[in-house]
Structure formats: structure tokens, C-alpha cells
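Hi everyone, thanks for making time this morning. I'd like to walk you through a structure I've been looking at, so please have it open as we go.

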Protein chains: 2
Amino acid sequence: MKFSPLVDELIQSLRVLPGVGPKSAQRMAFQLLERERKAGLKLADSLQKAMSDVGHCQGCRTFTEETLCPICASNKRGNAEVICVVETPADVLAIEAGGHFTGRYFVLLGHLSPLDGVGPEQLGLALLEQQLSSNDVTELILATNPTVEGDATAHFIADMARRHNVVISRIAHGVPVGGELEYVDSTTLALSFNGRIKL
Amino acid sequence: MKFSPLVDELIQSLRVLPGVGPKSAQRMAFQLLERERKAGLKLADSLQKAMSDVGHCQGCRTFTEETLCPICASNKRGNAEVICVVETPADVLAIEAGGHFTGRYFVLLGHLSPLDGVGPEQLGLALLEQQLSSNDVTELILATNPTVEGDATAHFIADMARRHNVVISRIAHGVPVGGELEYVDSTTLALSFNGRIKL
């Protein structure tokens, strides 16, 4: 026995969300039906609008429904000639939360992964190169994740950027603040020794 | 910094789902925007239809967009004169999965909880009493959860049903099949001794 068609369809549809299996989807559907009908309708409306209208910023490729995202459109950024390359829009948020970086971003929306069909084209590297060749970029900070794929992507972009007159840098990897040496993995420790700074 | 309005709104709206915090909502929104636009639109559509059209079965109160749910509408149920009272539609599914029960259900959609404003009226007990007094019900099986609230609800309904000519029973509590005695809590063990069956 299953539920009635509309309820079944809702449970199936909810499973598209990451981390939501059959039991969670069922729980979500019943919670919405029992107590949150209005919020459910609001979610349907938000989804509909976002899926239809949200595109990519023509400057940095992050998600926005405008031509340019708030950061690219802003003329109050102190270091607009510095571009920080990140993998996802969430990374932009994490860096912005610190408030120390005042340049612009370039969002790859992924990392190089030939087996999954993700090459330079999917990461919008042509757009990045176009920005590099426009001469008003002085530094390119590579802030992809410190994973095998993230490192490979950073190296690939660095090779590309060397053809242009910009400083290329990679964010430092090492022992996180508040972390204890005892619990840090050996690769991170090795990186923190290699990247030591003279006092 | 936040994301663009539509993306922010989507992330906020997703938080209505149970168990979804700010980080999960963000991850869900980006996953949908990056890879699952079509499924996202489908979800919006399913939500919209379910929130607007799904009501309660006039027989058992479970969720359905019809007047009667498939079980209440079926005339192939072997024991239509037995009613099993459960707390949620998911409980119906769990019992139906076994296939051993062929009666009808009555879904409370909750349990008695005076502090939360859930009384006999919210659980639809008037409708249940109406069914009991119609004389074609022979047994009422109370299958509410074995929690304090579930037990209280079962006792309340039993008191109500005693006014009618029906057998009232409560599902057995004890050691689950495949469980090990060593790991079963003492209350369950006590219940399994009290409810022992002569061989």
C-alpha cells in the first residue's frame, strides 16, 4: 500500500534534496501537511522562482537573478583588482564572513574532474582568462579546496594565468587557529612546516 | 554579505523542513541550482499541489486528496469491522508493510498533549465514537506508540470505547524479534513478563 497519489508524489519529489532518503522525505511531507501548509506553499513559490529566474553573474559566475551579483556590482570594494578564485558560492560567503578580503571573486562552480566531464570549459576559465587579459587585474588568489582535485585545479589555473601579467598566489595551508598539533594530520603539518614564515 | 534575494529566500524557505538547518538549506539550494533545476521545479509543483489539495480521509483522517483514502474506499479488506487506532499515517504504512492486518485504520494525527493544545477534538475522537456507535465495529485495536503520551491516549480512547459494544485491545509490548535480552531496557522486559503467553 502507498499513500494517495499527491502525497506519494510529494515524498518522491522531496528525495531530490541532498541527504534526504525515503524516511526523511516521508517525515518532511507529513510535517508540512500537518503543520506547515502555508510555509510549504511559500517554499513551492520560492523554489519555482529560484529555479526559473536565478542565473549566473556575468562577472564571477555565482548565482544571481541580476546581470551582476551584489559584489561584482559594488563599487565600494577596496581591492577590485584582486580576484579570488573559489569553488562554490558558499566559499564566497565563508570568506566574506571574515571581512578581511575586499577584492572580487571568481566562482568555478566545481573543480576539474575529467571523469565527470568537468573540464576548463565547465569551470568558465575562458571568462577568467578574459578578465586577466583586460589588464586591470593585479593578483589572482587561488582559494580552491586543499583536496587533490582542488590543488589540481589551482595548478591548472596558475599555468593559465602565467601567460598574463599578474601575481599568482595560493592560500596558506597549515595548522588551523585553535587546533592542537597533536590532532593535526601529517600532511597538514608538513605543509605548515614548508610554508613557515620568518619572524 | 548574503546571496542574491531569490537565493536567500530559497535558503530561508527550505528551513521549514524538519531537520534542515542553515548549512543544510544552503547546500540543498546550491545543489538544486547547480544540477537539479528540473527536479526543483517538479518539487515546487508537487508541493504546491499537495499543500493546496490534500485533505483528510473522511473515514480514517489520513492524508488524501479524495473523500476516502484507498484503504477506506477498498471493499476487499477482510476485517472491515476491526479498527486499528494509530498516531500517524506513517504508522499505517508500517503496519500495511507487514500485510497481516486486514481491518481499517483510524489515524489520530498526534497524541493527547494538553500543554500543546492537543485534546480529544484535535484527534478527531468524535468521528471515532460515531464509527463505534454505528454497530458494525467489533474490535478496536489501540496501536498508539508505547510512550507516556501514546499510552495516555490509548487509555483515554479505551475509556471512551467502553461505552460501546466493542472489544478493546492494546498491541503487545515486549522484546522485539531478533533483539537480544541483554540489550533490552528494563521497562520493556517487565512488560514482556507481564504480557507472557501460556504455551
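**Two domains, two chains**

Let's begin with chain A, where the C-alpha centres of domain 1 and domain 2 lie 33 Å apart. The domain assignment puts domain 1 of chain A at residues 5-53 and domain 2 of chain A at 56-170. Please keep in mind that what you see is a predicted model.

Now, where do the chains meet? Take A:Gln26, which sits in helix H2 of chain A. A:Gln26 counts as buried because its relative accessibility is 11%, and the cut-off for buried is under 20%. Leaving aside residues up to four places away in sequence, A:Gln26 touches A:Phe3 and A:Ile11 in its own chain, and B:Ala90 and B:Leu93 in chain B.

Over in chain B, let's look at helix H2, residues 22-35. Which residues of H2(B) are buried? They are B:Ala25, B:Gln26, B:Met28, B:Ala29, B:Phe30, B:Gln31, B:Leu32 and B:Leu33. The cover over these buried residues comes from both chains: it includes helices H2, H3 and H5 and strand E2 of chain A, together with helices H1 and H3 of chain B.

The largest one has 76 residues, and the members touching the most others are A:Leu14, A:Leu17 and A:Leu47, along with B:Leu14, B:Leu17 and B:Leu47. In general, nonpolar side chains tend to be buried together in soluble globular proteins. If you click on A:Leu47, you'll find that its contacts, not counting residues up to four places away in sequence, are B:Leu10, B:Leu32, B:Gly40, B:Leu43, B:Ala44 and B:Leu47.

In what order do its 4 strands run? The order is E4-E3-E5-E6, in an open sheet with parallel pairing. Strand E4 (104-107) and strand E6 (167-170) of chain B are the edges, each pairing on one side only. On average, neighbouring strands here are turned by 25 degrees against each other, ignoring direction. Strand E3 of chain B, residues 82-86, pairs with E4(B) over 4 bridges, and in one of the pairs B:Val85 has B:Phe106 as its bridge partner. Helix H5 of chain B, residues 89-98, lies across E3 and E4 of chain B and runs at about 155 degrees to E4(B).

For helix H5 of chain A, let me pick out A:Ile95. Not counting residues up to four places away in sequence, A:Ile95 touches A:Cys84, A:Val86, A:His100, A:Phe101 and A:Tyr105. A:Cys84 is 11 residues away along the chain, with 9.8 Å between the two C-alpha atoms.

Most residues other than glycine have a negative phi. B:Arg61, though, has a positive phi of about 75 degrees; B:Arg61 lies in the loop between strands E1 and E2 of chain B and counts as buried because its relative accessibility is 14%. B:Leu109 also has a positive phi, near 60 degrees. You'll find B:Leu109 in the loop between E4 and helix H6 of chain B, buried at a relative accessible area of 16%.

Terms used: Residues are numbered from 1 along each chain as its sequence is written. Chains are lettered from A and ligands numbered from 1 in the order in which they are written. This is a predicted model: local features need pLDDT of at least 70, side-chain atom pairs count only at pLDDT 80 or more; totals for chains, interfaces and linings use all residues. Side-chain values use heavy atoms; hydrogens and water are left out. Two strands pair if DSSP finds at least two bridges between them. Helices (H or I, at least four residues) and strands (E, at least two) are DSSP runs, numbered from the N terminus. Axes are lines fitted to C-alpha atoms, for helices over the stretch in contact, and angles run from 0 to 180 degrees between N-to-C directions. Contact means heavy atoms within 4.5 Å. Domain bounds come from an automatic or database domain assignment. Buried means under 20% relative accessible area, exposed over 50%, partly exposed in between (1.4 Å probe, protein chains only). A nonpolar core is a set of buried Ala, Val, Leu, Ile, Met, Phe, Trp, Tyr and Cys residues joined through side-chain atoms within 4.5 Å. The expected span of a helix is 1.5 Å times one less than its number of residues.
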